[in-house]
Amino acid sequence: MKRAVYPGSFDPVTFGHLDVIRRASEMFDVLVVSVLNNKVKSPLFSVEERVKILKEATKDIPNVQVDSFSGLLINYAAEHNMHVAVRGLRAITDFEYELQIAQTNRKLSGGALDTVFLTTSLEYAYLSSSSVKEIASFGGDISECVPDFVAELMKEKYGSEFISE
Ligand code: PNS
């Protein structure tokens, strides 16, 4: 059984991530979407909240599982019998960063963890969790960026100035 991991911060999950999840889920028997528990960043949503959001957003894709991890991806992947990491590429700027991580992971794991890149669908190429948070924090419209229930949760986080329409 071919198991792959899609690691990330997902703070919050966007339509760009969901596009990658859907397409990757068709390539592997099981796709584990795993939220990095990164103590350094100060996220908008807690790891538990992000896991819950991802479960809701992917509930219609039967072979997608949602989890979280701490520490090195290569250790987490080895412990869960996963030998492929999936990442989305929006632009050449992503590629430089992603290439370095992919090569590091392959080297550190002795070849056990390889990375498969999916190019983000063009309609989502501009999307990032950071820009979605910035737009939401100023009350902008994020209805084309995240599922409605995520926009609602962001509205609660940012308070009453937020306008979703
Ligand atoms: O959504 P993000 O924040 O771009 O995801 C980055 C992520 C989670 C893929 C990356 O930071 C990661 O895998 N971190 C775990 C720590 C690790 O394994 N680092 C070694 C690679 S340099």
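**The pocket and its ligand**

Mentor: This is a predicted model, and its largest pocket holds about 1000 Å³ of space.

Trainee: Which residues are closest to the centre of the largest pocket?
Mentor: The closest to its centre are Gly8, Ser9, Arg87, Tyr97 and Glu98, out of 42 residues that line this pocket.

Trainee: How does the lining divide by class?
Mentor: The lining of the largest pocket has 17 nonpolar residues, 17 polar ones and eight charged ones.

Trainee: OK, now the ligand. Where does the ligand sit?
Mentor: The ligand sits in that largest pocket, where 13 residues surround the ligand and the closest are Ser9, Lys41, Leu72, Leu73 and Arg87.

Trainee: What about the classes in the shell around the ligand?
Mentor: The shell has seven nonpolar, four polar and two charged residues.

Trainee: Let's get down to atoms. How far is the polar side-chain atom of serine 9 from an oxygen atom of the ligand?
Mentor: That distance is 2.5 Å, from a polar side-chain atom of serine 9 to a ligand oxygen. For leucine 73 the atom concerned belongs to the backbone, a polar one that is 2.8 Å from an oxygen atom of the ligand. Arginine 87 takes part through its side chain, with an N or O atom 2.9 Å from an oxygen atom of the ligand.

Trainee: How much of the ligand does the protein bury?
Mentor: Taken alone, the ligand exposes 560 Å², and the protein buries 75% of that area.

Trainee: Switching to the backbone, which peptide bond is cis?
Mentor: The bond from aspartate 11 to proline 12 is cis, its omega being near 0°, and proline 12 is found in the loop between S1 and H1.

Trainee: What is phi of phenylalanine 10, and where does that residue lie?
Mentor: Phi of phenylalanine 10 is near 50°, which is a positive value in a residue other than glycine, and phenylalanine 10 lies in the loop between S1 and H1.

Technical notes: Residues are numbered from 1 along each chain as its sequence is written. This is a predicted model: local features need pLDDT of at least 70, side-chain atom pairs count only at pLDDT 80 or more; totals for chains, interfaces and linings use all residues. Side-chain values use heavy atoms; hydrogens and water are left out. A residue is near a molecule or strand if one of its heavy atoms lies within 4 Å of it. A polar contact is a pair of N or O atoms within 3.5 Å; within protein, one must be able to donate a hydrogen and the other to accept it, and residues adjacent in sequence count only if both atoms are side-chain atoms. Accessible areas come from the Shrake-Rupley method with a 1.4 Å probe; for residues, only the protein chains shown count as cover. On a 1 Å grid over the protein atoms alone, a cavity is a set of points where a 1.4 Å probe fits but cannot get out, and a pocket is an open set with protein on both sides within 12 Å along at least five of seven lines; lining residues have an atom within 4 Å of a point. A molecule sits in a cavity or pocket if more than half of its atoms lie within 2 Å of its grid points. Ala, Val, Leu, Ile, Met, Phe, Trp, Tyr, Cys and Pro count as nonpolar, Asp, Glu, Lys and Arg as charged, and the others, Gly among them, as polar. Grid points are joined across faces, edges and corners, and a volume is the space filled by probe spheres set on the points. Helices (H or I, at least four residues) and strands (E, at least two) are DSSP runs, numbered from the N terminus.
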